[in-house]
Amino acid sequence: MKNSDLLHRWFDEVWNNDRLETIDDLLDPGVTFNGALDAVMAPGVDYKEVVGAMKALMDQLHVTITHSLDDGEFAMVRVRVSGFDHSHKHKLDFTGQMMVRVRDGRFIEFYSNFDYLRMFEQLGQFPSDSLPVLLTGERLTWAS
């Protein structure tokens, strides 16, 4: 089995089919997290809580792996995430990449980089033109 197969299992079972017990199977107890969710993954935070928080924002979430690479103990995938907000007024379609380091069939390092800006724009939590506005040096403003 290639290490990227573990990432296929991760996204299929955890994210597409809500089998949260897979988290315990694939995450080493000493796993280190790197990426935008570092602040959320403080010691003692269960990754299941992160999954729950993300899924609370979305409906019909589906992750599709578009590319995968293996290099020794490392594996990397590029994914496309689709779904809707809970009102079904906003369609979600954004991408991300994840790289893991694997030892004994478990993730010991977890590197995650998703287009959260686009996700929050599509959820209506940020203005749809956030990136161009921010690139001008302006601050985001919007009516709440």
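**The largest cavity and its surroundings**

Modeller: The lining of the largest cavity counts 21 residues, and those nearest its centre are Trp15, Leu37, Tyr47, Phe114 and Tyr116. Keep in mind that this is a predicted model. The volume of this largest cavity is about 240 Å³. Searching the whole structure turns up 1 cavity of 30 Å³ or more. Rolling a probe the size of a water molecule over the atoms shows where empty space is left.

What classes of residue make up the lining? There are 17 nonpolar, 3 polar and 1 charged residues. Several elements contribute. At least two lining residues come from each of α1, β1, α3 (47-57), β2 (59-71), β4 (91-103) and β5 (106-114).

Next, the core. The largest nonpolar core holds 34 residues. Trp10, Phe11, Trp15, Tyr47, Phe107 and Phe110 have the most contacts inside this core. Helix α1 (residues 3-16) gives the core its largest share, 6 residues. In soluble globular proteins, nonpolar side chains tend to be buried together.

Most of α1 is covered, with 10 of its 14 residues buried. Among them are Leu6, Leu7, Trp10, Phe11, Val14 and Trp15. The buried set also includes Asn3, Ser4, Glu13 and Asn16. Just past the helix, Asp18 adopts a positive phi of about 55°.

Now Phe11. Leaving aside residues up to four places away in sequence, Phe11 touches Asn16, Val63, Ile65, Val77, Val79, Met98 and Phe114.

Strand β1 (residues 27-35) contains Leu27. Is Leu27 buried or exposed? Its relative accessibility is 10%, under the 20% cut-off, so Leu27 counts as buried. With residues up to four places away in sequence left out, Leu27 touches Trp10, Phe33, Tyr47, Arg106, Phe107 and Phe110. Asp70 makes a distance check. Leu27 and Asp70 are 43 residues apart in sequence, and their C-alpha atoms are 18 Å apart.

His62 sits in β2. Its relative accessible area is 37%, between the 20% and 50% cut-offs, so His62 is partly exposed. Not counting residues up to four places away in sequence, His62 touches Asn16, Arg80, Val81 and Ser82. His62 and Asp12 are 50 residues apart along the chain, yet 8.6 Å separates their C-alpha atoms. Gln60 is also found in strand β2. Gln60 is not a glycine, and its phi is positive, near 55°.

Asp104 is not a glycine either, but its phi is positive at about 55°. Most residues other than glycine have a negative phi. With 75% relative accessibility, over the 50% cut-off, Asp104 counts as exposed.

Key:
Residues are numbered from 1 along each chain as its sequence is written. This is a predicted model: local features need pLDDT of at least 70, side-chain atom pairs count only at pLDDT 80 or more; totals for chains, interfaces and linings use all residues. Side-chain values use heavy atoms; hydrogens and water are left out. Helices (H or I, at least four residues) and strands (E, at least two) are DSSP runs, numbered from the N terminus. Buried means under 20% relative accessible area, exposed over 50%, partly exposed in between (1.4 Å probe, protein chains only). Contact means heavy atoms within 4.5 Å. A nonpolar core is a set of buried Ala, Val, Leu, Ile, Met, Phe, Trp, Tyr and Cys residues joined through side-chain atoms within 4.5 Å. On a 1 Å grid over the protein atoms alone, a cavity is a set of points where a 1.4 Å probe fits but cannot get out, and a pocket is an open set with protein on both sides within 12 Å along at least five of seven lines; lining residues have an atom within 4 Å of a point. Grid points are joined across faces, edges and corners, and a volume is the space filled by probe spheres set on the points. Ala, Val, Leu, Ile, Met, Phe, Trp, Tyr, Cys and Pro count as nonpolar, Asp, Glu, Lys and Arg as charged, and the others, Gly among them, as polar.
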